[in-house]
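Please work through the exercises below with the sequence and the three-dimensional structure at hand. Each task is followed by a solution in steps.

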Amino acid sequence: GTKGAAHYVKRVAPGENFTVRLRLSDAAPGNDAALNGDFDKIFDQRKTEADEFYRSVIPAGVSDDRSDIMRQAVGGLLWSKQFYHYDVNRWIKGDPSQPEPPSERAKGRNHEWRHLYNADIISMPDKWEYPWYASWDLAFHCVALAIVDSDFAKEQLLLMTREWYMHPNGQLPAYEWAFGDVNPPVHAWAAWRVYKVEMKRRGLGDRKFLERIFQKLMLNFTWWVNRKDADGRNVFQGGFLGLDNIGVFDRSAPLPTGGHIEQSDGTSWMGMYCLNMLAIALELAKDNSAYEDVASKFFEHFVYICGAMNNLGGENIELWNREDGFF
């Protein structure tokens with residue numbers, strides 16, 4: 001987006017202090033009323049309010065040094081919210097008032113995500129240097145944000161699963177230059193942690209949030225099972241799974257010489273996904289016994305993954321004896 005900055009030039013002598021007073025105002029240029037009078041009073045008042053807020057967030061007994069670190073970290077997260085607007089279908093078709101875009105765009109970047117319409121305040125990795133969201137970065141952000149603003153954290157997690165974000169096949173969008181890339185499935189973990197953090201801070205967990213996101217994550221889990229277990233052996237591949245695709249080849253794409261790289265590094269992530277969904281299902285089952293069935297489903301799936309990892313994805317492994325009731 002467009003950015004602007006004020007430019008001040010001042011020679012500062014050794015030991016000298018120099019202060020620039022800035023304030024957003026609708027006063028006409030040259031009117032210094034907004035910068036005088038109550039400026040210092042209001043500035044000190046806002047600082048006092050910030051100090052009071054962070055005292056309610058940072059645990060008592062934390063050293064001053066650690067308190068400063070936590071405050072700066074949380075402040076950075078709160079500062080990194082940004083409005084993000086990306087209408088993929090409109091971008092592909094082009095601006096009606098401008099020349100038509102090249103025909104290659106119709107089959108170019110993100111053309112399989114025409115449904116995606118982003119126009120929201122989103123937590124960015126860095127709104128100056130990296131002003132775009134990445135769904136798994138955002139999930140980590142939300143766990144930390146839950147300490148200071150659990151409502152915003154819940155809204156962010158749910159946003160990634162809404163119909164105008166999540167692909168109809170159940171995949172979560174990755175990042176703007178390749179929404180179809182595969183990110184580690186940490187959304188369930190983040191949702192469970194945000195739920196637990198809010199419960200500890202407020203004394204009550206948001207069951208409605210937990211149920212809403214569980215239903216959507218069922219779609220995403222199914223996408224992983226159907227799309228990323230190519231041989232049906234409970235061994236999962238991905239591509240972009242924490243290593244930033246650092247390597248000779250792009251692991252998300254076919255090899256230049258043909259064929260593909262066999263991958264398994266999504267398997268442990270999926271094992272964690274099973275356990276997180278199991279924990280959420282058991283929590284929801286406290287109020288609704290219908291979730292007991294799906295809880296056992298995730299338990300079974302976790303054992304299937306364990307069996308695949310312990311047997312190198314071998315086939316014909318008997319994991320569940322229903323008559324005897326043991327694995």
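Predicted model: local features only at pLDDT ≥ 70, side-chain atom pairs only at ≥ 80, totals over all residues.

Residues are numbered from 1 along each chain as its sequence is written, and side-chain values use heavy atoms, with hydrogens and water left out.

**Exercise 1. The chain as a whole**

Task: State how many helices and strands the protein chain has, and describe its burial and its surface.

Solution. 
- Step 1. Helices (H or I, at least four residues) and strands (E, at least two) are taken as DSSP runs and numbered from the N terminus. On this basis the protein chain has eight helices and two strands.
- Step 2. Read from the N terminus, the order of the elements is α-α-β-α-β-α-α-α-α-α.
- Step 3. Buried means under 20% relative accessible area, exposed over 50%, and partly exposed in between (1.4 Å probe, protein chains only). Of the 327 residues, 37% count as buried.
- Step 4. Accessible areas come from the Shrake-Rupley method with a 1.4 Å probe, and for residues only the protein chains shown count as cover. The accessible surface of the protein chain is about 20100 Å², and carbon and sulfur atoms hold 52% of it.
- Step 5. A contact requires heavy atoms within 4.5 Å. Among the contacts in the protein chain with a separation of 6 or more, 67% join residues 24 or more positions apart.

**Exercise 2. Two helix pairs**

Task: Describe how α5 packs with α6 and how α2 packs with α4.

Solution. 
- Step 1. Two packed helices are described by the angle between their axes and the distance between the axes. Axes are lines fitted to C-alpha atoms, for helices over the stretch in contact, and angles run from 0 to 180 degrees between N-to-C directions.
- Step 2. Angles under 35 degrees count as roughly parallel, over 145 as roughly antiparallel, 65 to 115 as roughly perpendicular and the rest as oblique.
- Step 3. Helix α5 (residues 187–202) meets helix α6 (residues 207–227) at about 175°, and their axes are 10 Å apart. The pair α5 and α6 is therefore roughly antiparallel.
- Step 4. On α5 the contact is made by His 187, Ala 188, Ala 191, Trp 192 and Tyr 195, and on α6 by Arg 207, Phe 209, Leu 210, Ile 213 and Leu 217.
- Step 5. For classes, Ala, Val, Leu, Ile, Met, Phe, Trp, Tyr, Cys and Pro count as nonpolar, Asp, Glu, Lys and Arg as charged, and the others, Gly among them, as polar. The contact of α5 with α6 has eight nonpolar, one polar and one charged residues.
- Step 6. Helix α2 (residues 64–79) and helix α4 (residues 135–159) have axes 10 Å apart, at an angle of about 110°. This angle makes α2 roughly perpendicular to α4.
- Step 7. Met 70, Val 74, Leu 77 and Leu 78 of α2 make the contact with His 141, Ala 144, Leu 145, Ile 147 and Val 148 of α4. By class, this contact has eight nonpolar, one polar and no charged residues.

**Exercise 3. Cysteines**

Task: How many disulfides does a search of the whole structure find, and how far is the sulfur of Cys 306 from the closest cysteine sulfur?

Solution. 
- Step 1. A disulfide is a pair of cysteine sulfur atoms within 2.5 Å. The search finds zero disulfides.
- Step 2. Cys 306 belongs to helix α8. The closest cysteine sulfur to that of Cys 306 is in Cys 274, at 8.7 Å, which is too far for a bond.
- Step 3. Cys 306 is partly exposed, at 27% relative accessible area, whereas Cys 142 is buried at 0%.

**Exercise 4. Residues in loops**

Task: Where do Asn 110, Asn 234, His 115 and Asp 287 lie?

Solution. 
- Step 1. Asn 110 lies in the loop between α3 (88–93) and β2 (117–123). Its phi is near 65°, a positive value in a residue other than glycine, and Asn 110 is buried at 7% relative accessible area.
- Step 2. Asn 234 is in the loop between α6 and α7. Asn 234 has a positive phi near 60° and is buried at 18%.
- Step 3. His 115 is in the loop between α3 and β2 and is partly exposed at 25%. Leaving out residues up to four places away in sequence, His 115 touches Glu 163, Trp 164, Tyr 165, Met 166, His 167 and Pro 168.
- Step 4. Asp 287 is in the loop between α7 (267–285) and α8 (291–310) and is exposed at 61%. Asp 287 and Arg 207 are 80 residues apart in sequence, and their C-alpha atoms are 9.3 Å apart.
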